[in-house]
Amino acid sequence: MKQVVQNYKSGELAVLDVPVPGCKPGGVLVRTAYSLISTGTELMKVSEAGMSMLGKARSRPDQVAKVMQSVATNGLPATYRKVMGKLDSYTPLGYSLCGVVEQVGAGVDDVKVGDLVACAGNEHALHAELNWVPKNLYTPVPDGLAPRHAAFGTVGSIALQGVRQGEPQLGEVALVIGLGLIGQLVVQLLAAAGVRVVGADPDPVRCALAEQLGAVACGDPGSAALEAAVSELTGGHGVDQVYLAAGGGSNQPVELAAHLARDRGRVVDIGKCRLDLPWNAYYEKELDVRFSRSYGPGRYDPEYELDGRDYPIGYVRWTERRNLACFLDLLARGRVDVEPLVSHVAEFEDAVETYRRLKDGELKAVAVLFRYPGPTGEESEHAVEAAPVVAVPAVRRGTGSAPARPAGAPVRLAFVGAGNYASSMLLPHLAQREGVTLSTVVTTTALSAANARRKFGFARATTDLDAVLGDPSVDAVFVVTRHSSHAELTRQALLAGKTVFVEKPLALTEDELAGVLAAVEESGNDRLQVGFNRRFAPLLREAKSRLGVRTGPASLRYLVNAGRLQHGSWYLRQGTEGTRFAGEGGHFVDTASWLLDADPVSVYAVASSGNEDLQVVLRYPDDSTATISYVTTGAPGFPKETLDLVADGKVLKLDDFVRASVHGPKRWVSSRLPKARDKGQSAELAAFVRAVRTGGPMPVPLESLVATTAATLAVQAALTGGAPVTLARPR
């Protein structure tokens, strides 16, 4: 299928061939009939992409701050690879469309194949021929409403949420500053609510359009006529509400709002404009400044948007989806008219030229629609019908080796998942490795597969997992998806006879771990590696060698300054993705066990309020102990990982994979790494590829992978029970 994309580094726009997205449970696959260009938000993004790197940095200081924090935590080279990899990727455009349901995922019962739906979301309602849309981001289109009008659903919801934030009442007077697409819709919604509306915009054509659509008067923001109109309508008191629907770097909209608002009036920010509030003006009138967050409650909440978990109507009357349905109802009943806003309808294949004309000012438009080939919902024929005590599990190994491959034959690798970690920490090493062929990349979103294929040279990109599992030429499969899918994908790949590299964690529950081991037993295939890369870090390996063989028990202390996650991170979705420690704690358990040359026999854990900061104590067969302090409340500038191991009168110290030392009869201190923190990914991948090529043993014994996973999962049991958990070994 085809999709409109942009490279944020170069500014290039393209209509790209990408794989068809899969129809996942909890959503529907929609064939687009019309999609709407947001002439404000999208053109701002297009313009930013055309800036120099300095210009991009100035336009997004929030992102610059994140980059600087990443440099402090991960080092400059790793951060550079990650940032440039993200910049030099195709990103999608679009977030408002109407289309025909082509396939219905499991758990969806409110629409059927052939139904016309309006869709929202900058990850799901894209300028693409097909989109997978989760349940709370689509709604059925009322009978009789034209698809081209229903395509306005998302921007209409944005305008509607802004109006709701203003709490208009019958007979009030409102000022709308900025009469672009959102502003024109706000004007109509306020008029439909019985509010008299004044509009402000420097463009006389837009002013005339707003008056046609219900505004009492409109004018240039700096004109005396505008102030006179407000004075006449309000008896000199000022407007009850001001809606900021303008963009740009001028502070004029905020100052005009203070000047024309009444005492204790309401100012609602809908657009992205400068907000340097003049203190005296806002203080003296005690103005109520409010923000409107996109389409409404549910926005940016992954449990609502992705998991389909609705908010009870008694507590949240207007959610994203209910706003979307409400706006479509207003359109269907003729209370809002979007046809006068349609400046141009372009064929989807002409998307790049259309964006160019808009950016250059050649095409003056309030709203532009893309029309797609195929069914539009207006024809009688619709889309194609859908094809309807914690026990450590016993490891029953397979052969432990694989048949040697033909000498000189390349190792053919497939990736399931190609997100930030795979693209910045794994694929750059593999793409440059001699004797490796990147065969197929599988992702749930079509564009990420296309990006990985372009950047790393995969022979094939798809959203179909069977294309990998059923391909006899694929030697090994990398599972680099979200945590909740690791165990099941690993299980399927093992049963398909593939050698598997799964990024941590291997499993999130004991049942998932048992399922993986059942697949090993059923298939006889134990060719498995988990991405516990720190044991392969050259600096740590050198330090362990300098420490020498232990003769007595050791005490290990491991401080992980994990830091807080950003709001909206999928790591916070504990209901589906497990706890944060369950997701990444295996790294630290594995590192401790490798340093101590044993697997833990018991786990004890205590947590601060909210389980944010953890103290995990592991005990080993020779009475060695390892304490892992996993904290989120530390200083961001402090190193992420520091480690001390004390044994036999010696101390091994690791400082965030930058410097290591061993103190004893002879003191050894490494030189400080000049460029990057090498946490072992390259060496780990080299060992894995070597095992695949030669058919020899896997880099880490399966028993160790299972023991580490079981110990990591036992942390939650220890927290719940408030007592140490014994890890019972099978006899």
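Let's start with Thr 443 and what it touches. Leaving out residues up to four places away in sequence, Thr 443 touches Gly 417, Ala 418, Ser 448, Ala 449, Thr 462 and Thr 463. Contact here means heavy atoms within 4.5 Å. This is a predicted model, where local features need pLDDT of at least 70, side-chain atom pairs count only at pLDDT 80 or more, and totals for chains, interfaces and linings use all residues. Residues are numbered from 1 along each chain as its sequence is written, and side-chain values use heavy atoms, with hydrogens and water left out.

Back to Thr 443. It sits in the loop between strand E19 (436-442) and helix H16 (446-456). Helices (H or I, at least four residues) and strands (E, at least two) are DSSP runs, numbered from the N terminus. Is Thr 443 buried or exposed? Its relative accessible area is 8%, so Thr 443 is buried. The cut-offs: buried is under 20% relative accessible area, exposed is over 50%, and partly exposed is in between, with a 1.4 Å probe and protein chains only. The side chain of Thr 443 makes a polar contact with the side chain of Ser 448, at 3.0 Å. A polar contact is a pair of N or O atoms within 3.5 Å; within protein, one must be able to donate a hydrogen and the other to accept it, and residues adjacent in sequence count only if both atoms are side-chain atoms. Thr 443 and Asp 464 are 21 residues apart in sequence, and 8.0 Å apart C-alpha to C-alpha.

Next, Ser 424, in helix H15 (residues 420-431). Ser 424 has 7% relative accessibility, so it counts as buried. A polar atom of its side chain lies 2.7 Å from the backbone oxygen of Asn 420.

Now helix pairs. Two packed helices are described by the angle between their axes and the distance between the axes. Axes are lines fitted to C-alpha atoms, for helices over the stretch in contact, with angles from 0 to 180 degrees between N-to-C directions.

First pair: helix H6 (residues 153-166) and helix H13 (residues 320-332). Their axes come within 8 Å and cross at roughly 105°. H6 and H13 are therefore roughly perpendicular to each other. Under 35 degrees counts as roughly parallel, over 145 as roughly antiparallel, 65 to 115 as roughly perpendicular, and the rest as oblique. On the H6 side, the residues include Leu 160, Gln 161 and Arg 164; on the H13 side, they include Leu 324 and Phe 327. By class, the H6 contact with H13 has five nonpolar, six polar and one charged. Ala, Val, Leu, Ile, Met, Phe, Trp, Tyr, Cys and Pro count as nonpolar, Asp, Glu, Lys and Arg as charged, and the others, Gly among them, as polar.

The axes come within 11 Å and cross at roughly 30°. H20 and H22 are therefore roughly parallel. Leu 540, Arg 541 and Lys 544 of H20 make the contact with Thr 591, Trp 594 and Leu 595 of H22. That contact has three nonpolar, one polar and two charged residues.

Last, the backbone. Which residues does a cis peptide bond join? Lys 504 and Pro 505, with omega about -5°. Pro 505 lies in the loop between strand E22 (499-502) and helix H19 (510-523). Arg 264 has a positive phi, near 60°. It lies in strand E13. Asp 597 also has a positive phi, near 55°. Asp 597 counts as exposed, at 59% relative accessibility.
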